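Hello,

Here is the structure I promised to pass on. Please open it first, then read my notes below.

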Amino acid sequence: MLPYGDKEMRANCSSGLACPANSSEEELPEGLKAFGNLDLVFTVVSALMIGLLMFSLGCSVEVQKLWGHIRRPWGIAVGMLCQFGLMPLIAYLLIISFSLKPLQAIAVLIMGCCPGGTVSNIFTFWVDGDMDLSISMTTCSTMAALGMMPLCLYLYTLSWNLEQNLTIPYQNIGITLVCLIIPVAFGIYVNYRWPKQSKIILKIGAIAGGLLFLVVTGAGMVLMKEFWNSDIILLMISFIFPLIGHATGFLLALLTHQSWQRCRTISLETGTQNVQMCFTMLQLSFTAEQLVQIFGFILAYGLFQMLNGFFMVAAYKMYKRRLKNKHGNEKPSCQEARHRKKSTSPKETTAFLEVNEEATLSPGPSGPVDPHGPPTPTGDIARAK
């Protein structure tokens with residue numbers, strides 16, 4: 001049992017105004033003062049960028065495939081199980097394994113209970129994943145977070161004697177849903193009306209998303225270097241946590257007989273969390289002094305999940321290029337045979353077998369055949385004679 005009865009955790013913020021973390025009179029430490037001043041600007045700019053990015057990714061969504069996922073939500077169900085079943089459980093096991101301090105344990109658990117982030121959608125596009133499933137999972141997990149986040153936090157902190165009230169960022173969840181649903185709906189409409197133009201928009205959005213992620217990754221490295229004052233154990237957890245999420249999500253998708261494309265999609269969705277929502281919840285629930293102690297973990301997790309995504313994309317591209325080169329180096333006869341094997345339909349195969357069978361059963365000479373003599377006419381030719 002974790003010692004959550006300490007004095008530092010007895011804030012008991014019964015309301016948002018009474019909580020010292022939400023009080024404007026408290027002096028922020030130097031590490032978070034600059035971040036606090038740019039919080040509104042960062043929120044607005046990130047909302048606009050995510051909206052534009054999701055609009056471009058929505059141009060890859062087809063209505064029929066999306067409706068197929070809604071009618072038969074087996075892939076979405078597996079993704080939801082990974083998001084709100086595996087990730088909180090992994091977070092809890094890491095807390096127990098590393099014997100984390102109370103504040104650190106809450107930060108890791110909240111990160112595990114957060115829904116999937118929009119970063120996974122662009123990574124899914126780069127690895128040729130199922131975009132319809134990816135966007136559906138991100139939207140459904142964000143909607144389910146309205147109830148699943150407080151439920152998971154309640155279940156896993158039930159034995160902790162936690163006296164600190166955790167504030168669920170419902171406003172942040174609502175903003176995330178708006179930035180997801182509306183741009184994706186416009187993108188689906190553009191793809192339906194103008195399919196050729198939607199492909200151009202999709203390519204531009206993928207390039208812009210890559211540049212944006214590179215900028216965010218660089219900024220995260222600078223901020224983590226400047227503000228990191230957490231334990232080295234938190235750095236280790238922020239590195240292995242998303243990796244375990246990706247691996248377990250892939251294995252669960254594989255065990256449920258999902259396709260390779262869906263396995264890649266579910267794996268990326270599982271390990272990629274909404275880091276901004278985690279920070280907002282911690283900011284609403286704790287004081288500035290407490291927030292400084294875990295701010296480095298949030299930055300490190302966001303940075304490592306970006307680096308893991310880039311590594312997975314690079315590995316997939318190398319595998320795809322190697323497979324293409326392998327097929328390109330084959331002999332032309334082998335390629336032609338493989339193409340003929342793929343193009344042969346069951347009807348053609350059946351007709352070919354029927355012709356061979358008819359030729360085999362056609363009447364022929366009953367006596368011995370002289371190999372050096374003239375060929376003996378058979379079948380219809382003999383009858384004509």
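Are helix 6 and helix 13 roughly parallel or roughly antiparallel to each other? One point before the answer: this is a predicted model.

**The helix pair**

Helix 6 covers residues 119-126, and helix 13 covers residues 288-328. Their axes come within 9 Å. They cross at roughly 10 degrees. Angles under 35 degrees count as roughly parallel, so helix 6 and helix 13 are roughly parallel to each other.

Look at the contact next. Helix 6 brings Val119, Phe123 and Trp126. Helix 13 meets them with Gln305, Met306, Gly309, Phe310, Val313, Tyr316 and Lys317. By class, this contact has seven nonpolar, two polar and one charged residues.

Start with Ser99. This serine sits in the loop between helix 4 (74-98) and helix 5 (102-113). Is Ser99 buried or exposed? The cut-off for exposed is over 50% relative accessible area. Ser99 has 59% relative accessibility, so this residue counts as exposed.

Now go to His257. You will find this histidine in the loop between helix 10 (232-255) and helix 11 (260-271). Phi of His257 is near 60 degrees, again a positive value in a residue other than glycine. The relative accessible area of His257 is 75%, so His257 is exposed.

Best wishes

Note on methods
Residues are numbered from 1 along each chain as its sequence is written. This is a predicted model: local features need pLDDT of at least 70, side-chain atom pairs count only at pLDDT 80 or more; totals for chains, interfaces and linings use all residues. Side-chain values use heavy atoms; hydrogens and water are left out. Helices (H or I, at least four residues) and strands (E, at least two) are DSSP runs, numbered from the N terminus. Buried means under 20% relative accessible area, exposed over 50%, partly exposed in between (1.4 Å probe, protein chains only). Axes are lines fitted to C-alpha atoms, for helices over the stretch in contact, and angles run from 0 to 180 degrees between N-to-C directions. Angles under 35 degrees count as roughly parallel, over 145 as roughly antiparallel, 65 to 115 as roughly perpendicular and the rest as oblique. Contact means heavy atoms within 4.5 Å. Ala, Val, Leu, Ile, Met, Phe, Trp, Tyr, Cys and Pro count as nonpolar, Asp, Glu, Lys and Arg as charged, and the others, Gly among them, as polar.
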